[in-house]
Amino acid sequence: QVQLVESGGGLVQAGGSLRLSCAASGSIFGSYAMGWYRQAPGKQRELVAAITTGGGRTYADSVKGRFTISRDNAKSTVYLQMNSLKPEDTAVYYCAQGSNWDSATRPRSWGQGTQVTVSS
């Protein structure tokens, strides 16, 4: 079973940037798609960005052009660079490992989450 540990969350002003990291251990990291989800208070968890084993990327419309997902298979780490942050980006962000090489929509594992708070 993979263990996923997120880091990099925090408090930032609107317009600022943060980079989230998720370190994986215990599985073949390079064989699975990875994703970043977020959940705001009172809302459902949503998929923000995903990356396949081959580097293909998909994004939620709300973050396109502002967020970038990347992965370093040698370090078993996935990143989420978040720029031009808005108050509505405030949420707990979760790293997830997909169930196959090209999809993170049905995660097999979750991280514990990291809080991102964007002040106006």
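Author: A disulfide is counted here as a pair of cysteine sulfur atoms within 2.5 Å. The model is a predicted one, and by this rule it holds one disulfide.

Reader: Which residues does the disulfide join, and what is the handedness of the link?

Author: In general, a disulfide is a covalent bond between the sulfur atoms of two cysteines. In this chain the bond joins Cys22 to Cys95, with an S to S distance of 2.1 Å. The link of Cys22 and Cys95 is left-handed, with -75° about the S-S bond. Cys22 belongs to strand β3 and Cys95 to strand β9 (residues 91-97), so the pair ties together parts that lie 73 residues apart in sequence.

Reader: Are Cys22 and Cys95 buried or exposed?

Author: Both Cys22 and Cys95 are buried. Across the chain, 43% of the 120 residues count as buried.

Reader: What does the secondary structure of the chain come to?

Author: The chain has zero helices and eleven strands. Read from the N terminus, the elements therefore run as β-β-β-β-β-β-β-β-β-β-β.

Reader: In what order do the four strands of the open sheet stand, and is their pairing parallel or antiparallel?

Author: As a general idea, strands of a sheet pair through backbone hydrogen bonds, either parallel or antiparallel. Here four strands form an open sheet in the order β1-β3-β8-β7, and the pairing is antiparallel. Strands β1 (3-7) and β7 (67-72) stand at the edges with a single partner strand each, so one side of each has no neighbour in the sheet. From one strand to the next, the twist averages 15°.

Reader: How many bridges join β1 to β3?

Author: Five bridges join β1 to β3 (residues 18-25), and the two run antiparallel. As to residues that face each other across this pair, Leu4 stands opposite Ala24 in β3.

Reader: What share of the contacts comes from residues 24 or more positions apart, and what is the accessible surface of the chain?

Author: Among contacts with a separation of 6 or more, residues 24 or more positions apart account for 57%. The accessible surface comes to about 6,000 Å², of which 48% belongs to carbon and sulfur atoms.

Technical notes. Residues are numbered from 1 along each chain as its sequence is written. This is a predicted model: local features need pLDDT of at least 70, side-chain atom pairs count only at pLDDT 80 or more; totals for chains, interfaces and linings use all residues. Side-chain values use heavy atoms; hydrogens and water are left out. Two strands pair if DSSP finds at least two bridges between them. Axes are lines fitted to C-alpha atoms, for helices over the stretch in contact, and angles run from 0 to 180 degrees between N-to-C directions. Buried means under 20% relative accessible area, exposed over 50%, partly exposed in between (1.4 Å probe, protein chains only). Contact means heavy atoms within 4.5 Å. Accessible areas come from the Shrake-Rupley method with a 1.4 Å probe; for residues, only the protein chains shown count as cover.
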